[in-house]
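Visitor: I have a protein model open here, and I'd like to learn how to read it. Can you walk me through it?

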Amino acid sequence: MNYGYVKVASAIPSLKVADCSYNIQQIESLIIQAEGKGVEIITFPELCISGYTCQDLFGQQLLLEKCEESLYKLLDFTRSLQIISIVGMPVMVGSQLMNCAIVVQGGKILGVVPKTYLPNYKEFYEQRWFAPSAATNDTQVHLCAQMVPFGRNLLFHTQKTCFGIEICEDLWAPVPPSSELALKGAEIIFNLSASNELIGKNQYLLSLISQQSARCIVGYVYSSCGFGESTQDVVFAGNALIYENGALIARSKRFCLEEQMVISEIDTERLLNERRHNTTFSENIRQTDKNDRTDIQCQTVNPAYDFELTRWVNPHPFVPSGAALNERCEEIFSIQTSALAKRIVHTNARSIVVGISGGLDSTLALLVCVKTMDLLRRPRKEVIGITMPGFGTTDRTYTNAISLMQSLDITIKEISIKDACIQHFKDIGHDPDNHDVTYENSQARERTQILMDVANQCNGFVVGTGDLSELALGWCTYNADHMSNYGVNCSIPKTLVKHLVKWVALTSVDEASKTTLLDIIETPISPELIPADENGNITQKTEDLVGPYELHDFFLYHFLRLGFRPAKILYLAEQAFIRQTYNESTELGMEVGTYTEETIQKWLRTFCRRFFTQQFKRSCLPDGPKVGSVSLSPRGDWRMPTDASSADWLCDLE
């Protein structure tokens, strides 16, 4: 299975201005290379058969005849090929010359798309040679002894996707043709372009394509002419770009003197899922004239070998990459502190109470509390940190909890839960040597009772520490750490919690706090509800029990954010953690775990099972801010029956 992926290519061939025979040879060479790599659709630059910079030569009959002769050659060349090729050339439509994209497959012309908007300002003079699409009402054109569909609203259907075409300046218009094409069903837009280079223009172009692909929820494949075009007055650097819903997934080098071709896969299944959830997109569809279109059926494209995914699959989809990491951490932290500040002001709270365990989640919550007080210009002593040692508390976490509270200069309380829990075990007749779920949950609920009661004493409220990953797995005790007055971490996954704590450690605390924070990051994740070993080390490690959080966060992102089925999530996880190299992650300073296919499948099964069975905890969550694109709040992103069956999801995984 290819799980909805369509393999596309953007090519920049070698070119000689007005040498159509040479140009078509270069185009054919790239087509055969793409066919050999399983590409289903390939696009070339604007007017690539003739060259974009022919200027008044476009008025020469000889050039127009040579273009058509070259197209004949291309049709003959592709007669035995399944790949769909999109090339650019001038085409006579009645008595007018038009700048067109020609779609070719299996020796036939499937359709001709004219350019809608012709730039005629500054260095551009296209209206000198060409007429725009609005200059004719023709719906067919005679080309290479064929009568073929013609128009700006052609939609091409393959067995896996629907695509449309626009040409260069069309993208720069206030309302690009691609907007209408997307609303009429196009999932991928191909743009044949000839955009020259100017200082700063490339960054604007990238932003333009990113925004258009995101606004239209499409894959966007862009090919712009490069070396070989005339440099009489302007320079063309060559841009082969592939975007998907705003994200750049493949690009060529600029100012390269050789031909180039970039290949990647566009996930049409993801695009359709995004459209289903976007009610604004649906409303725009209802306002669109769906009859103003021509549908063209393409032949089936079946590569002769198994599908192979070549695009990068991020093993840590919640964690931003590169320089964006620091900026994103600052933004997330600001959202958390602003949210908490509003709650403090609204409730007129004299203090806020947070339980400090020496683990990652409570550490992040404490940092948010402290920074919020700084933001409100209130003393940090109004943050009451309570450490509550129990039967499983180790010296390492206890020391880190105390050290961090001291260095951050908050109010510190230490309340042991051992005696209270022992009395509780006596009351309910539970053997304290039986370390079962009752033994564990009694401790968690005792801690929450302490926090709530102290908050009442201090005219404050309890700040929750649980994160998104724990909520997804239900790895929290109902009416214990599951409950608080306001949960600042509720939409932050565990993999991101670690980076947020590290960011704070490296950017905005004193040296003592930094040392403690870095040690907390290295401490194994544990609820510490089971006694330590004889050496005082943690015996109850969460990731040994429910699985690695980097896997669960990967599963959660693709399950909740993208709506993927378990089989596809498994396929992508194997790609992310087994098949692809980790140069990019290594450069970002991110460690990537090593897993087998069996291990990934085991923990994905655990994820599916627990996600369904633990919905009852998510259905009654406390308030908390949505930070990223994924939230499990029943008042926000996720509503689900608490008794829904996971049978089909587990079956799909098998």
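Visitor: Which residue in β14 does V8 stand opposite?

Guide: That's S264. One thing to keep in mind as we go: this is a predicted model.

Visitor: What makes β1 and β14 a pair?

Guide: Two strands count as paired if at least two bridges are found between them. β1 (residues 5-12) is joined to β14 by 8 bridges, so the pair passes that test, and the two strands run antiparallel.

Visitor: Why are β5 and β14 said to stand at the edges?

Guide: Follow the order of this open sheet of 6 strands: β5-β4-β3-β2-β1-β14. β5 (108-114) and β14 (260-267) each have a single partner strand, so one side of each is left without a neighbour in the sheet. The pairing across the sheet is mixed, and neighbouring strands are turned by 30 degrees against each other on average, ignoring direction.

Visitor: How do you know that helix α2 packs on that sheet?

Guide: Contact here means heavy atoms within 4.5 Å. Helix α2 (residues 61-77) touches β3 (84-93), β4 (96-105) and β5, and its direction makes about 150 degrees with that of β3. Another helix, α6 (residues 268-277), lies across β1 and β14, running at about 50 degrees to β14.

Visitor: What makes β12 and β13 a hairpin?

Guide: There are 2 residues between them, and they pair up too. The cut-off is at least two bridges, and β12 (residues 239-244) has 4 of them to β13, running antiparallel. E244 stands opposite A247 in β13, while N245 in the turn has a positive phi of about 50 degrees.

Visitor: Why is something called a cavity and not a pocket?

Guide: A pocket is open, whereas in a cavity a 1.4 Å probe fits but cannot get out. The whole structure has 3 cavities of 30 Å³ or more. About 150 Å³ of space lies in the largest cavity. Its lining has 17 residues, and G466, L471, D481, H482 and P622 lie nearest the centre. By class, that lining splits into 6 nonpolar, 7 polar and 4 charged residues.

Visitor: How do you know that α9 and α15 meet?

Guide: With the 4.5 Å contact cut-off in mind, look at the residues: L360, T363 and L367 in α9 meet L517, I520 and I521 in α15. That contact is made of 5 nonpolar residues, 1 polar and no charged. The axes of α9 (residues 360-375) and α15 (residues 511-522) come within 9 Å and cross at roughly 145 degrees.

Visitor: What is the mean pLDDT of the protein chain?

Guide: On a scale from 0 to 100, the mean is 94, and 98% of the residues reach 70 or more. Over residues 584-589, though, pLDDT stays under 50, and the model has 7 contacts there beyond four places in sequence. Where pLDDT is low, the predicted coordinates should not be read in detail.

Conventions: Residues are numbered from 1 along each chain as its sequence is written. This is a predicted model: local features need pLDDT of at least 70, side-chain atom pairs count only at pLDDT 80 or more; totals for chains, interfaces and linings use all residues. Side-chain values use heavy atoms; hydrogens and water are left out. Axes are lines fitted to C-alpha atoms, for helices over the stretch in contact, and angles run from 0 to 180 degrees between N-to-C directions. pLDDT is the predictor's confidence in each residue, from 0 to 100. On a 1 Å grid over the protein atoms alone, a cavity is a set of points where a 1.4 Å probe fits but cannot get out, and a pocket is an open set with protein on both sides within 12 Å along at least five of seven lines; lining residues have an atom within 4 Å of a point. Grid points are joined across faces, edges and corners, and a volume is the space filled by probe spheres set on the points. Ala, Val, Leu, Ile, Met, Phe, Trp, Tyr, Cys and Pro count as nonpolar, Asp, Glu, Lys and Arg as charged, and the others, Gly among them, as polar.
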